[in-house]
Amino acid sequence: MCKTTDKSVKDRYLDLLSEQFHSKEELATEIINLESILELPKGTEHFVSDLHGEFHAFQHVLRNGSGNVLSKINDIFQDTLTRKEINEFSSLVYYPEEKIKLIKNNFTSKAKLDEWYVTTINRLIKLITYASSKYTRTKLRKSLPKNYVFIIEELLYKSNKYNNKHSYYETLINQIIELEQSDDLIIGLSFTIQHLVVNHLHVVGDIYDRGPEPDKILETLIDYPSVDIQWGNHDVLWIGAYAGSKVCLANLLRICARYNNLDIVEDAYGINLRPLLTLAEKYYDGNNKAFQPKNTQDLTQAELEQITKIHQAVAILQFKLEAPIIKRRPAFEMEERLVLENIDYTKNEATLYGKTYTLENTCFQTIDSKDPTKLLEEEEEVMNNLLLSVQQSEKLKRHMTFLMQKGKLYLPYNGNLLIHGCIPVDENGEMESMTIDGEKRYGRNLLDYFETHVRKAFDNKEIEDDLATDLVWYLWTGKYSSLFGKRAMTTFERYFITDKSAHKEAKNPYYYLREDVDMCKKMLKDFGLDPEQGHIINGHTPVKEIDGENPIKAEGKMIVIDGGFSKSYQSTTGIAGYTLLYNSFGMQLVAHKHFNSKEHVLLNGADELSIRRVVDKELQRKKIRDTNSGQTIQEKIDILKELMHDRFVN
């Protein structure tokens with residue numbers, strides 16, 4: 001039996017806490033420190049969305065803080081440096097390693113280079129002083145490169161008021177140069193500035209698919225000091241595949257083939273695609289134009305044919321694997337998506353939603369017309385091997401575990417609601433309900449239910465056909481999914497039916513009702529937020545700025561920041577993505593031009609930005625006490641005050 005005690009849980013907690021503070025003075029010092037921190041301005045939040053594997057564009061946005069670095073450089077140096085010098089200096093802060101090499105090649109004498117080092121180090125110190133002005137010294141110290149903390153702090157807080165330390169500071173910098181530490185110091189100072197201009201990063205979904213390097217984005221995020229993620233539909237697809245969903249796995253492989261990004265699977269994550277290729281080579285035709293990848297640049301004819309065959313193989317596998325889930329989950333209301341069973345294989349026609357269509361570009365070689373959703377033994381073996389390979393990938397395991405640790409379906413944060421897709425509603429603006437296990441769920445409760453099952457599926461990877469794993473796939477494609485936000489996914493129709501009316505995917509009414517102020521306020525209230533002060537920050541649907549669409553909707557209550565990071569969207573959006581900055585003075589939306597290359601920035605020092613738009617200006621500057629972290633600090637203060645009263649006051 002467990003030993004009982006007369007002490008309450010609260011008393012035991014206070015006992016443990018008291019071990020950290022040995023005197024009333026120590027406790028008072030901590031309370032004073034925390035109370036003072038609450039009065040500091042809130043840190044800058046940086047919102048990005050729909051990165052879709054575009055690592056280089058994302059990295060640039062991260063390094064320049066969506067223009068925040070350049071803004072602070074302008075604040076300090078606009079009266080003392082030319083525009084060219086400011087551009088040179090800003091590109092150094094963004095890409096210090098590469099820029100230093102370029103600059104050093106331009107100097108013909110050591111004396112001139114040493115002079116540049118002195119000037120640059122002093123400028124960086126000045127910029128850090130400005131960028132860190134709203135932080136405590138303790139927080140700043142944690143941001144500094146560890147090997148140079150002493151040197152940087154001496155330079156940051158130098159004072160020569162009485163002319164006693166001039167030689168000291170001069171020797172400090174000269175010795176840095178003499179001992180060839182200048183490059184490392186400049187690199188460290190530059191990264192410190194990048195981290196200081198942004199206090200916290202929000203990724204509002206869709207790191208994966210379409211672009212070529214989502215794995216590098218994940219590696220960057222893992223090392224980022226402060227970040228959260230709101231899962232997108234493409235992220236959940238990858239989570240689902242790792243959690244044991246073969247239909248999610250087939251979907252992601254199909255998308256990788258479609259965008260010629262199978263290297264992500266094979267090279268980045270070490271997943272063996274050879275069995276899939278063998279199956280595809282046996283049954284499919286490499287000349288089926290409907291299945292040729294979107295990006296054929298640099299492909300040989302043999303490579304093009306291989307990808308086309310793989311594309312067909314995984315598409316048919318996907319359609320077959322969807323059927324058992326649809327049949328065992330009537331609550332999903334997806335019977336119309338039993339597409340393979342709605343085909344007349346003798347006439348080569350499909351009847352979908354009551355209309356009959358002639359099929360083109362068909363590839364039904366592995367389909368038995370009497371049992372169209374049955375997998376061949378070869379297909380079953382390929383999927384088993386692929387799933388095993390996926391779950392044995394250490395790199396993918398690390399990335400998926402990080403997504404689970406830092407990710408959620410939605411996040412109320414500092415009074416705003418961050419959500420990738422939508423909150424399912426009907427045409428009247430009422431929350432749409434989904435009945436599962438005999439219970440109706442809608443709004444916040446439905447999203448919480450989805451998230452609970454995503455986590456359950458992830459924790460039980462060995463089970464492939466439970467409700468949790470099926471719901472992960474449903475989040476990708478279901479009509480009540482907060483991530484999909486459409487009535488049906490017409491993948492089959494897009495491949496095999498030329499009539500484009502069959503391709504249409506009707507959006508959830510959320511996407512036009514979000515233009516309405518009262519509707520947005522209603523949603524904020526449902527998620528426990530102040531409808532007068534809060535905003536909904538959304539991704540998922542590219543804003544077609546080229547057609548005049550405004551990303552700031554409902555008088556600023558709704559902000560949509562998917563402007564097309566993915567190159568495949570940029571011809572229809574007209575820009576290369578939106579990002580959002582939220583500091584103590586308010587919110588600014590930043591529109592990004594097409595990112596040319598890092599080399600372009602290094603040579604020209606140009607920021608790939610267009611205008612900033614003020615979304616919401618704070619009437620009163622926000623402090624840390626007004627934020628989520630401020631609430632946590634206040635709770636700690638309350639506990640410490642109680643400890644002081646109970647243990648140190650007679």
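The buried residues of H18 pack against helices H13 (233-242), H14 (246-258), H16 (274-283), H17 (301-328) and H19 (394-406), where contact means heavy atoms within 4.5 Å. The model is predicted: local features need pLDDT of at least 70, side-chain atom pairs count only at pLDDT 80 or more, and totals for chains, interfaces and linings use all residues. Residues are numbered from 1 along each chain as its sequence is written, and side-chain values use heavy atoms, with hydrogens and water left out. Helices (H or I, at least four residues) and strands (E, at least two) are DSSP runs numbered from the N terminus.

**Helix H18**
- Helix H18 (residues 377-391) has 15 residues and spans 21 Å from its first C-alpha to its last, close to the expected 21 Å at 1.5 Å a residue; the expected span is 1.5 Å times one less than the number of residues.
- Its buried residues are Glu379, Val382, Met383, Leu386, Leu387, Ser389 and Val390; buried means under 20% relative accessible area, exposed over 50%, and partly exposed in between (1.4 Å probe, protein chains only).
- Viewed down the axis of H18, these buried residues fall within an arc of 160 degrees and so line one face of the helix; the arc is that of the directions from the helix axis to the C-beta atoms.
- The face of H18 turned away from the buried side carries exposed Glu377 and Glu381.

**Helix H24**
- In helix H24 (residues 517-526), the buried residues are Val517, Met519, Cys520, Met523 and Leu524.
- Down the axis of H24, they fall within an arc of 165 degrees, so they line one face of the helix.
- Asp518 and Lys525 are exposed on the other side of H24.
- The buried residues of H24 pack against strand E9 (416-419), helix H23 (510-513), strand E12 (536-538) and strand E14 (558-560).

**Contact of H7 with H9**
- Ile121, Ile125, Ile128 and Thr129 in H7 meet Ile152, Leu155 and Leu156 in H9.

**Positive phi values**
- Most residues other than glycine have a negative phi.
- Asp298, in the loop between H16 and H17, has a positive phi near 70 degrees; Asp298 is exposed, with a relative accessible area of 71%.
- His540, in the loop between E12 and strand E13 (552-553), has a positive phi of about 80 degrees; His540 is buried, with a relative accessible area of 13%.
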